[in-house]
Amino acid sequence: MPDSQAASPTIILDRVAIIRGSRLILRNFSLEAESGELIWVRGANGSGKSTLFRALSGLLPIASGTAETRGAIALCDDNLALDLDQPLEKAIGFWTTLDGISPQRLSVAMETLDLGSLAGLPVRLLSAGQKKRGALARLLASNASIWLLDEPYNGLDQANVARLDAAISRHCEAGGIALVASHIAPTVNVSRSIVIDRPLVEAAI
Ligand SMILES: Nc1ncnc2c1ncn2[C@@H]1O[C@H](COP(=O)(O)OP(=O)(O)OP(=O)(O)O)[C@@H](O)[C@H]1O
């Protein structure tokens, strides 16, 4: 986690509202997270977990309230964002090179998720769980001190759930923040959980 602000990453959301299209998805949502915290983000289908993560990543605007974050943010969600025709390591390397991350750091991230033997295989030939591990390796290799993991366990076998959990724990022990949105209880020890409720009124704006 060589993020220059890694010493004290922070998330402070104060009465935030997020609108998608013409729909109010989150309203009056507040959250504070500090260095070392691993937070399980819960909520029914459609409650707004992915929306929250996309807004924190800067992919969606905050309509009202205030959002303050310190530290680089990495998001891993359903969007694979890897070139299907490239060998896995090169496909992830496209992003890590852009971020100035060393090939060695990428190799370590891949080994962490047992991807070494798949490094030369085109992404399109990988299984669903292998692709997911590729996407997670990209996050592990990043400089980010704040990890946003949207359903990270989808498609992972037990051994890889354990590898991912160990990586998340190490990240938080080193002072990072991890938010894990999952319908199943994470097997890793979480600091606390938060529940996202649907807004009382989901009216057209
Ligand atoms: N582009 C969009 N325009 C309007 N509404 C949208 C758009 N994208 C998503 N939504 C709505 O936003 C709401 C929240 O979706 P989101 O994906 O954040 O939920 P979630 O909590 O992650 O759900 P799940 O548990 O099913 O993954 C849903 O009601 C969805 O229909």
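**Ground rules.** I am working with a predicted model, in which local features need pLDDT of at least 70 and side-chain atom pairs count only at pLDDT 80 or more, while totals for chains, interfaces and linings use all residues. Residues are numbered from 1 along each chain as its sequence is written.

**Helix H4.** I took helices (H or I, at least four residues) and strands (E, at least two) as DSSP runs, numbered from the N terminus. For H4, residues 128-141, I compared the end C-alpha atoms, 20 Å apart, with the 20 Å that 14 residues should span at 1.5 Å a residue, and the two agree; the expected span is 1.5 Å times one less than the number of residues.

I then looked up burial, where a residue is buried if 20 or more other C-beta atoms lie within 10 Å of its own, exposed if 12 or fewer, and partly exposed in between, with C-beta atoms placed from the backbone. Because 10 of its 14 residues are buried, H4 is largely enclosed by the rest of the structure. I noted that the buried residues run from Lys132, Arg133 and Gly134 through Ala135, Leu136, Ala137, Arg138, Leu139 and Leu140 to Ala141. They pack against strands E5 (73-76) and E6 (146-150) and against helices H2 (88-98), H3 (103-112) and H5 (158-173), contact being C-beta atoms, placed from the backbone, within 7 Å.

**H2 against H4.** I found these helices packed at an angle of about 35°, with their axes 10 Å apart; axes are lines fitted to C-alpha atoms, for helices over the stretch in contact, and angles run from 0 to 180 degrees between N-to-C directions. H2 contributes Leu88, Ile92, Trp95 and Thr96 to the contact, and H4 contributes Gly134, Ala137, Arg138 and Ala141.

**Methionine 110.** I located this residue in helix H3, and it is buried, with 24 other C-beta atoms within 10 Å. Leaving aside neighbours within four places in sequence, methionine 110 is in contact with Glu89, Leu115, Gly116, Ala119 and Ala137. The C-alpha atoms of methionine 110 and alanine 141 are separated by 8.1 Å, although the two are 31 residues apart along the chain.

Terms used
Contact = placed C-beta atoms within 7 Å.
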